[in-house]
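Here is a short tour to read alongside the sequence and the 3D view.

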Amino acid sequence: MKSTKFTPVPLTKAETDKKWWEIGDFFRRNSLWLLMYCTGCCAIELPPAMTSAYDMERLGMGPMATPRQADILLVSGYLSLKTLRRLIYTYEQMSEPRYVVALGSCPINGGIYHDSHAVINQLDQYIPVDVYVAGCMPNTEAVMNGFVDLMDQIKHKRANGWKKYHENYSWYKANQITSLGEVDVHDEFHE
Amino acid sequence: MIVNILVGIGIALFGFALQTSIGGINRKIVGRLQKRHGPRWYQEFIDIFKLLSKRGISHGWIYDFGVIMALGGIIATAMFMPLTVDIVAFKQFDNFFIFVYLLAVGMLGMAMSASGSGNPWASIGVMRALTTMLAYEVPFLIVALTIINVSDSSSLTAIQAFQQTAGNNWFIIALPLGGLVGVLSLMGMLGKKPFETYIAPAEIASGPMVEYGGKQLGMLFILHEISVFIEVSLFVHLFLGGASNIFIFLIKYFTVYTVVNLISNVNGRFKIDQVVKFFYKWPLLLAIIQAFIAIYLGWVI
């Protein structure tokens, strides 16, 4: 006869870590704080997403002031070589786990700036991107849908961009150096 | 003694849970005010636990130690706070001046830690925070000393008991000018909006918190919730007659925090010199007039 007595099965360390990580994922996907890197026109879609029309705070999201505090780096619009340098700096300052959402067609394939000499075409060659929101410019519904997609990815452990950045760091760095020459941002006032 | 310490830690934890829930409810209220749906009421808990689950970086020894010192100082302050006339961890030690002194440990710990991060915005934020503190403390202390003079005791339980005896009004009614100064100083203490100068997210990138991320920011959030609990309960005990049981305390606490929050949300932000000028002009003047009327003329309603 099968015993009804509860015998706890000892978990290995990997299993315990996985359980803790799942609990952490619940908190992380319900409290996503944005750092908005708004260089292009897509930024105009964010005010309706934040205010009473779509109210992103009901999903627990909100804007934050500095990269250290933020979870999502929201890149909206084209990136010139000068801004890309700052973007990489900002991304590397954020505390992990960190996610990147790219808004509009400019970070996907260059958009209307695809043949410019000063603008990069594909953002995911330089930093890993978790969610793309396509469109020029995307609707506010599409922006909100992108955030919900990101929450879904975190739930199913598919938002692994920050791990990819660690694993393929040399590949990303090589791409950055090929395009930018050097990644360092010079202090123009004090040098 | 051990029972007292356990009760004190219980009060600090209760204060944290209370303020975090009421903060979340207030975010919902503000959302409705702005025709939004607003977040869930337990959103602040999710935020704090998320921050504790993230990977933080360190900016050095001072940075790490300052956060822990500030959190410890604030929890130690909250342990002395009486909830009602009866629920108090250390009887005889709920003196008003204990809170004034111990609250400074938390503030200075945070200042030390923020300066240790080496970011210029953090230094500006700390400087502004201490300047604001200097501005609101002077009128607040004058009113508090008037209350101590009138009720003949500086113990918070005795002040509560004095207001609850028949024939005596709450001090917000008995000293109306002082009550007004109390509300203004409370808004300064809580960093609510006309006096939000030292946070100013769009101007100095959230001031002292600029370099915090991950678990250090989580600890700062816990510190902030407990310090709000201390400041609002101090106001309830000094001006609103304290509480004879815990439900009255909850009602008064919720009312005070919500009213202050609503006032805050229809205001803009002062510059730092405007904050100091404001506090040294009207509240200080009112506080001195109130002290003169109450102490020398003996007119207490």
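## Terms and conventions

Helices (H or I, at least four residues) and strands (E, at least two) are DSSP runs, numbered from the N terminus. Two strands pair if DSSP finds at least two bridges between them.

This is a predicted model, in which local features need pLDDT of at least 70, side-chain atom pairs count only at pLDDT 80 or more, and totals for chains, interfaces and linings use all residues. Residues are numbered from 1 along each chain as its sequence is written, while chains are lettered from A and ligands numbered from 1 in the order in which they are written.

## Strand S5 of chain A and its partners

Take a look at S5(A), residues 99–103. Strand S7(A), residues 131–133, lies parallel to S5(A) and pairs with it over three bridges; there, A:Leu103 has A:Val133 as its bridge partner. S5(A) also runs parallel to S3(A), residues 72–76, with five bridges joining them, and A:Ile72 sits opposite A:Tyr99.

Five of the five residues in S5(A) are buried (20 or more other C-beta atoms within 10 Å of the residue's own, with C-beta atoms placed from the backbone). One side carries A:Tyr99, A:Val101 and A:Leu103, the other A:Val100 and A:Ala102, and both faces are covered.

## Chain B overall

Chain B has twelve helices and zero strands. Its radius of gyration, taken over C-alpha atoms, is 19 Å, close to the 19 Å that the globule rule (2.2 Å times the number of residues to the power 0.38) gives for 301 residues, so chain B is as compact as a globular protein of that length.

The C-alpha trace of chain B spans about 55 × 45 × 40 Å along its principal axes, and 48% of its 301 residues are buried.

Key:
A residue is buried if 20 or more other C-beta atoms lie within 10 Å of its own, exposed if 12 or fewer, and partly exposed in between; C-beta atoms are placed from the backbone.
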